[in-house]
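Morning, everyone. Please bring up the model and keep the sequence open beside it.

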Amino acid sequence: MTAVPAPLSPPRGILHRPKASTGFWSWWTTVDHKKIGILYGGLGLVFFVIAGIEALLIRLQLAGPNGTVLTASQYNTLFTMHGTTMVFLVGMPIATAFGNYLIPLQIGARDVAFPRLNMFGFWVFAFGGLFIYSGFVLGGAPNGGWFGYTPLTSTPITGGALPGHGPDFWAIGLIMLGIGSVTSGVNFVVTILNMRAPGMTLMRMPVFVWMMLVVAFLTVFAMPAVTAALIMVFFDRNFSTNFFVAAAGGDPLLYQHLFWLFGHPEVYILILPGMGIVSEILPVFSRKPLFGRSVVIFSGIAIGFLGWGVWAHHMFATGLGPVATTAFGLATMLIAIPTGVKIFNWMGTVWGGSLRLNTPMLFSLGFIAMFTIGGLSGVTHSIVPADTQQTDTYYVVAHFHYVLFGGLIFAIFGGFYYWWPKMFGRLLDDRIGKLNFWLMLIGFNLTFFPMHFLGLAGMPRRTYRYASGMGWDNLNILVTIGGFVIASSVLVFLVNVVKSAKNGEVASADPWDGRTLEWSIPSPVPEYNFAEVPEVHAADDFWHRKYTEDEEGRLVRLPAGGADDGAHHGDGHGIHLPSPSFFPMVLALGLPILGYAAVFKNPWLAIPGAVILLFGIYAWTIEPGTAED
Amino acid sequence: MAQAAPVVPAEAEHTDAHAHGHADTNTGASNPKLAIWVFLSSESIFFGAFITTYLLYRGRSPANTPQPKDVYNIPFTSVTSFILLMSSLTMVLALASIQRGDHRRFRTWILATALFGVIFIGGQIYEFTEFYREGLALKTSVFGSSFFVLTGLHGAHVSVGIMWLLSLWGLSMQNRLHVQDAEKVEIAGLYWHFVDIVWIVIFTVIYLIP
Amino acid sequence: MRHPKWRTGAPVLLAGIALALAGCGGSDNHQNTLKPHGTDAGKIKDLFVPILFVAIIIGVLVLGATIYAAIRFRHREGHPDNPKQVHGNTTLEIGWTIIPALILAVVAIPTVSTIWDLAERPTGPKVLQVDVTGKQWWWQFGLPKQPMVPQATALDAKKPGTGPIITSTELHIPVGTKVDLSLHAFDVIHSFWVPSLSGKKDVMPARTNHLTIEANQPGIYRGACAEYCGLSHADMRFRVVAEPMAKWKAWVARISGPPLGAYGTAAKPTDVYTLTSKTYGCTNCHTFTDPHLATYGPNLTHLASRSTFAGGTLELNHKNLKAWIMNAPKFISMESKDCRLPPPATCVGMPSFTKNTPKGQKTMTSEDADTIVNFLLGEK
């Protein structure tokens, strides 16, 4: 028997392993977390534009009473797709994009725990998104609302409740996306818990990484609840089960409980990455540490836990009874406390600092302001009797757009401007960025602030038209104009991207005088991340290599500390990195095929889907993580 | 889906020297092992949702449809449950064998585990066809819906496990599963034990408790 | 230390904003949550508005502080660039944890008490009980037998001529009377919402929810479905007409009686009878003569007692009613193109009688439509 066994390798002839780590095709087979992060971000931005166009169509229809731009059926599909796209194909993927790119860098690792699984997650996102959108041409795009209440979505197609295959594409598509999210969540948990550089204790991790850890746990625990609910919807619709059939003993309300058990943690999954991004940007551009850093971390954890106990605040009008509504109302008020604490801590960071109002900082300050407004309207929702007037009206539409757009999207744009130089080696133009910010701030408020009034004045949501003479006309025109202002701000961003690629200012390793490890390595980041794995001695370790504090608490520059621009430490020779692979894409491809088999109840499609799935799994497990040289 | 750990300092050439779980990780558990634990906790919520649904729908099926007490055959299900339970024992023995380097016994025990799993599934199929003959289908009532979907999903998980175990057996037959790969077996074992525990919960809560 | 002008300006600004927003309740479109005309809507407003003010003040303070900080602490060339590296301040942090908690605790007290107040179901002989059924895409109202409505007996559709009095889209209630609504849904989840009178409550299949409404002044109050229920959710509107007791009793007596005009019978058919029972099959989904029958479509007995129809989207007049009968899907999107075919064809709503007429069926003529409309408009 040989002492060292030969490594596993596939039989000759099956699929040459891809080798390229640069070039166009390398993007299809990469397992590098940085490339994968950029892929998530790029595709997420594409969906952002698509969902934005959907919103503009909605606003054209609602610009005046009795609009005729869209039919009822078209409108219902568009608002469903707008919500579904923004939540599942924009918010979560772009957060994952930042997580993917930054987590290994910020913890001093070379990649995530499971690089191929990481790429698999991206392909599931891409194929899942395409699958859902293919409904437009294959018998009906989703049209049951992004949360798809039963029995509207669970009635069989012949029942007439929602004509077409919309709910089928929606349910199967979301199940698929959920699989991708869970694999991503597992990957991030293991990476963060297991792969930190020596000396990086949990409390020394950047706040962004902490928020992504909480988000990863929330994801793996929340997705199964909605997956179960969606399976029940699909089965009711296609196999005559009775989960939500009242006459057979079922209860449509069960769906709402299961959905919101997922749905509420989901909104924290969406916002916590934004909070993490802002927690990184504010200290750097204030030249002050994050105020109450550990409290900000603990508040994030508290929100993660408390978020499981408030789901029925989405159901205050369903007749739960005073005991339940009291309990959930109080729990919802409770969760406002750690949220408020974070806002005050961010203010405390900025207060007394030496602020640079570059674009990332403007978006982060905008986040504080807009998220506060959204948080306050959220508190008014926790006032249960008041909520029965607000829910399902434009008031709640205003609330969640303030927290998700004014919150998450603003943070995301701040993150783009902040980390763009690190990812691409060139800065985005700051003057164009400021135009981007102001247009977006003005457009956003013009669009969503009037909605508070519209809701209180009696305008229900998800309505494809409204009557004249209700006093809603003028505000609706303002809202529509605001939508186009937002669109112009996104165009400005895209122009900035193109300009940066063409002749953007070349970035050094540390253009912002950053605090965290990613700023200690060259821009763009070399494939191996760190030439030498860093030894960490404190939170914001890189900052402490550059500065120390005197007795008064003022900064003293240390001569030796600084970023590695790549000049000194070699090119990472001898570092073995995981090799590219086809199989994440192959395996992911099996899913939409099985998806179509399910939607069209076609067993013949299931066979190739299952074969591809099995082939993908086996080939993947046989293939070593790192190829032989 | 096992992976070689990619964290490699520039200096050291890394060999697969993880024979007894000593990993270069902050928690001490290897990446794959930590991953399976996180995944199984996710799966707990998944099954929890269906079990909870079943319990919430208890007693709500129309009176003229088959009720649990009409169709359940507790002695029969006890036997199949026992067999699944024994399969966890054989799984433990399989792991112990590979850790010792005893490949022959490993193959015996892992095959036995898979075989017990197959017998369990066979018993389920028999049980379901009996229920169907007695008038209980997916569409009959909420009892039918929630029971069959829950146990069906569990059966699907068992089936995936059986394929996983047989793959390990196949690898061993080709002399491609070594002492160093014991962790792969351990991870499969964790999955298998989880699936068994879910069944114990189902059996207790759904069959035994009236 | 400079004292910026904003310090004196801020209280004025806050007061100004508060006043401006107070006037921002909007016009009274009779669907406005901030212009209540009912008891519960009033209680909700009294709870909500003070809390809203507190929220607005907090919001303005945080916004103001953000803007102030951005201006005040902005780095300027030549100025010191070395701020004190403050890591936290325990007193401040405890303070800004406890103070919001206290504010919330104070807010919680009237909230909880209002929850329980509104949850009480009114009982007794002076309470009007109404059955509400939400259907895709219109509202059906039933007035079962009870002290206030002696004519009707308990809901029993099998015995025509008895059962609750059925009407749709327009619900009349007496002013100053508590109305106990029992809410059901026929198909999917809808939500019953009359903002001037009360918060909303979802209606669900096979589950009964309850809601209390009480109008404080006479008037017509608009309602809408507030839970997305498919194609024409936006058009699923209704009206609540609150009138003095005597007028309301007269209304009940009118709509519970037999039709005013001659509809005819099988033995002695009139034109209307033939058209609606035979030619066009209207009676498959409607009734014209029985105020107690809950049909698939709205009960049309005494249709002219109402001012609106078609889910509350159209005013009831000859032109609208005629156009509707001839081609309803033009006005409200429905899944009804197969409604003139026998089951199991999918049918939700009312079909067109002039477009895509199936083979063997008649396309409705203008004269026939006139005959039907004339009859209906006489049924006050």
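The buried residues of helix 2 of chain C are covered by elements from both chains: helix 9, helix 10 and helix 11 of chain A are included, together with helix 3 (90–119) and strand 8 (209–213) of chain C. Keep in mind that this is a predicted model.

Which residues of helix 2 of chain C are buried? Among them are Asp40(C), Ala41(C), Ile44(C), Lys45(C), Leu47(C) and Phe48(C). Further along come Val62(C), Thr66(C) and Ala69(C). Remember the general rule: residues three or four places apart in an α-helix point the same way, because there are 3.6 residues a turn.

Now the length of that helix. Helix 2 of chain C runs over residues 39–72, 34 residues.

Next, the contact between the chains. Chain A puts in 78 residues and chain C 76. On the chain A side, helix 3 (72–107), helix 7 (252–286), helix 9 (322–350), helix 10 (359–382), helix 11 (384–390) and helix 13 (430–456) each supply at least two residues. Helix 9 of chain A gives the largest share, 14 residues. By class, the chain A side has 45 nonpolar, 24 polar and 9 charged residues.

Last, one loop residue. Trp308(A) sits between helix 8 (293–306) and helix 9 of chain A.

Technical notes
Residues are numbered from 1 along each chain as its sequence is written. Chains are lettered from A and ligands numbered from 1 in the order in which they are written. This is a predicted model: local features need pLDDT of at least 70, side-chain atom pairs count only at pLDDT 80 or more; totals for chains, interfaces and linings use all residues. Two residues are in contact if their C-beta atoms, placed from the backbone, lie within 7 Å. Helices (H or I, at least four residues) and strands (E, at least two) are DSSP runs, numbered from the N terminus. Ala, Val, Leu, Ile, Met, Phe, Trp, Tyr, Cys and Pro count as nonpolar, Asp, Glu, Lys and Arg as charged, and the others, Gly among them, as polar. The expected span of a helix is 1.5 Å times one less than its number of residues. A residue is buried if 20 or more other C-beta atoms lie within 10 Å of its own, exposed if 12 or fewer, and partly exposed in between; C-beta atoms are placed from the backbone.
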